[in-house]
Amino acid sequence: QLLDELSRAPKQREVIFALFGMTAKGYELIKISELTKESKASAAVIKALIDKEVLEEVTVQAQRFQFEEGELAGKVALNEYQQQALQEIETAFESQDVCLLHGITSSGKTELYVELIEKAVSEGKQVL
């Protein structure tokens with residue numbers, strides 16, 4: 001019935017045929033970009049099918065970084081200067097929300113950030 005309804009819209013029919021082919025190959029969710037490539041149709045043709053409620057557009061939030069817990073590289077031990085800086089930062093956070101960390105290149109600032117981030121996450125806080 002759908003193909004009969006689309007008899008006057010050959011490009012839309014081609015999208016449906018391409019969709020059937022993709023689902024036969026095991027696709028479950030199909031990106032609009034993949035469907036446009038496979039059907040050689042424009043996004044406007046697919047949008048028309050969505051507007052006719054022939055297709056349903058679903059927004060999926062995908063993680064760009066996927067890793068298993070424990071997959072991270074080994075933890076770096078802080079040297080005495082970094083330990084001192086970490087203690088000073090934690091002391092500063094007791095009375096203030098902001099603290100400035102200044103150091104020369106390769107002085108280990110990132111390692112301090114990692115320590116502070118791990119502590120905040122383990123306390124159930126968010127980190128930006």
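Which helices each supply at least two residues of the lining of the largest pocket? They are helix H5 (80-95) and helix H6 (109-122), where helices are DSSP runs of H or I with at least four residues, numbered from the N terminus.

## Basis of the model

This is a predicted model, in which local features need pLDDT of at least 70 and side-chain atom pairs count only at pLDDT 80 or more, while totals for chains, interfaces and linings use all residues. Residues are numbered from 1 along each chain as its sequence is written, and side-chain values use heavy atoms, with hydrogens and water left out.

## The largest pocket

The largest pocket has a volume of about 550 Å³. A pocket is here an open set of points on a 1 Å grid over the protein atoms alone, where a 1.4 Å probe fits and protein lies on both sides within 12 Å along at least five of seven lines, and lining residues have an atom within 4 Å of a point; the volume is the space filled by probe spheres set on the points.

Of the 19 residues that line this pocket, Ile89, Phe93, Asp97, Leu116 and Ala120 are the closest to its centre. H6 gives the most to the lining, with five residues, and by class the lining of the largest pocket holds 12 nonpolar, two polar and five charged residues.

## The second largest pocket

The second largest pocket, with a volume of about 430 Å³, is lined by 15 residues, and Leu29, Ile30, Lys31, Glu56 and Val58 lie nearest its centre. Helix H2 (10-24), helix H3 (32-39) and helix H4 (43-51) each supply at least two residues of this lining, which divides into 10 nonpolar, one polar and four charged residues.

The buried residues of H2 are Gln12, Val15, Ile16, Ala18, Leu19 and Met22, buried meaning under 20% relative accessible area and exposed over 50%, with a 1.4 Å probe and protein chains only. They cover an arc of only 165 degrees around the axis, which puts them on the same side of H2; the arc is that of the directions from the helix axis to the C-beta atoms. The face turned away from this buried side carries the exposed residues Pro10 and Ala24.

What covers the buried residues of H2 includes helix H1 (2-5), H3 and H4. Within helix H3 is found Ser39, which is buried with a relative accessible area of 10%. Leaving aside its neighbours within four places in sequence, Ser39 is in contact (heavy atoms within 4.5 Å) with Glu14, Val15 and Ala18.

Methods: Nonpolar A, V, L, I, M, F, W, Y, C, P; charged D, E, K, R; others polar.
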